[in-house]
Amino acid sequence: MLPENEINRVLVVTAHPDDADFGAAGSVALFGDRGVEVTYLVVTDGDAGGNERTLDHSGMAELRRAEQTAAAKCVGVTDLRFLGYSDGTVVPSLDLRKAIARVIRQVRPDVVITHHPDRNYQFVAPSHPDHRAVGGSALDAVYPDARNPYAFPELLREESLAEWTVREVWLTGGSTPNHYVDITDAIDRKLAALRSHVSQVAHVEGFAEFVRGRSAAWAEQAGFDEGRYAEGFQVVPTA
């Protein structure tokens, strides 16, 4: 794994508003504490999310972008980018790979955090089809697209975006994590970020207890002391 002092920029690529906060907000907050620059790239506007359909799709998308912006500020992220794909319809494609590769070349991150592309049969929630499509496309954008000057040559020719090699990818939501981050010092900021997604979580009874319980289970799996909280990732070397 990369030493902490070699991680200077991180790009978080997710399918929907709130995905970054469920999967990695505690780790993101700790990155920010160390001065790491973090960018969020959200593929959809989450226009099909929420249980109360008092808004049309356009209104829901606008609301969820605002909620994600507020959530990001809770963990120190101000660079947010939305690709505007339709929620629930994302599939792996060359266009999506190119869009993600473009942002990789712009941000030039050492680490990309994204969804695990495989279905998790132990806990189904992370296995939304959009998650798997975005995770797979992000991995393809990391390798081989972003590093290959002959892939999407128009990015260099028309946008002056030279190739870039991401050194690690951290996958969220998978069933085989191999790296755990102790987020005890950031659990309140993670919860604040998640609570910013009012349209998604305000109706969930015992939501904070659920989040703390999941984070405590990760910590236990990691072998951390009792009373600690963690986030789990599968780290893939990609240099």
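Is Glu4 buried or exposed? Select Glu4 to find out: Glu4 is exposed, with a relative accessible area of 53%. Keep in mind throughout that this is a predicted model.

**Stop 1: Glu4 and Arg34**

Glu4 sits in the segment before strand 1 (9-14), and Arg34 sits in the loop between helix 1 and strand 2 (37-44), so the pair ties together parts that are 30 residues apart in sequence. Arg34 is partly exposed, at a relative accessible area of 40%.

**Stop 2: Glu154 and Lys98**

Select Glu154 and Lys98 next. Their salt bridge has its closest N and O atoms 2.8 Å apart. Glu154 belongs to helix 5 (residues 154-159) and Lys98 to helix 3 (residues 94-107), so this pair links parts 56 residues apart in sequence. Glu154 counts as buried, because its relative accessibility is 17% and the cut-off for buried is under 20%.

**Stop 3: Arg212 and Asp188**

Move on to Arg212 and Asp188. Their side chains meet in a salt bridge of 3.0 Å, N to O. Arg212 is in helix 8 and Asp188 in helix 6, so the pair ties together parts that are 24 residues apart in sequence. Arg212 is partly exposed, with a relative accessible area of 28%. Asp188 counts as exposed, at 53% relative accessibility.

**Stop 4: the largest pocket**

Now show the largest pocket. About 920 Å³ of space lies in it. Its lining has 35 residues. Select Asp18, Asp19, Phe22, Ala125 and His131 to find those nearest the pocket centre.

Then colour by element. Helix 1 (19-33), helix 6 (187-195), helix 7 (198-201), helix 8 (207-222) and strand 7 (230-237) each give at least two residues to the lining. Helix 8 supplies the largest share, 6 residues. By residue class, the lining divides into 14 nonpolar, 14 polar and 7 charged.

**Stop 5: Glu168**

Finish at Glu168, in strand 5 (residues 168-172). What is the nearest side chain of opposite charge to Glu168? That side chain is Arg167, 7.4 Å away. Glu168 is buried yet has no salt bridge.

How values were computed:
Residues are numbered from 1 along each chain as its sequence is written. This is a predicted model: local features need pLDDT of at least 70, side-chain atom pairs count only at pLDDT 80 or more; totals for chains, interfaces and linings use all residues. Side-chain values use heavy atoms; hydrogens and water are left out. On a 1 Å grid over the protein atoms alone, a cavity is a set of points where a 1.4 Å probe fits but cannot get out, and a pocket is an open set with protein on both sides within 12 Å along at least five of seven lines; lining residues have an atom within 4 Å of a point. Grid points are joined across faces, edges and corners, and a volume is the space filled by probe spheres set on the points. Helices (H or I, at least four residues) and strands (E, at least two) are DSSP runs, numbered from the N terminus. Ala, Val, Leu, Ile, Met, Phe, Trp, Tyr, Cys and Pro count as nonpolar, Asp, Glu, Lys and Arg as charged, and the others, Gly among them, as polar. Buried means under 20% relative accessible area, exposed over 50%, partly exposed in between (1.4 Å probe, protein chains only). Lys and Arg count as positive and Asp and Glu as negative; His and the chain ends are not counted. A salt bridge is a side-chain nitrogen of Lys or Arg within 4 Å of a carboxyl oxygen of Asp or Glu.
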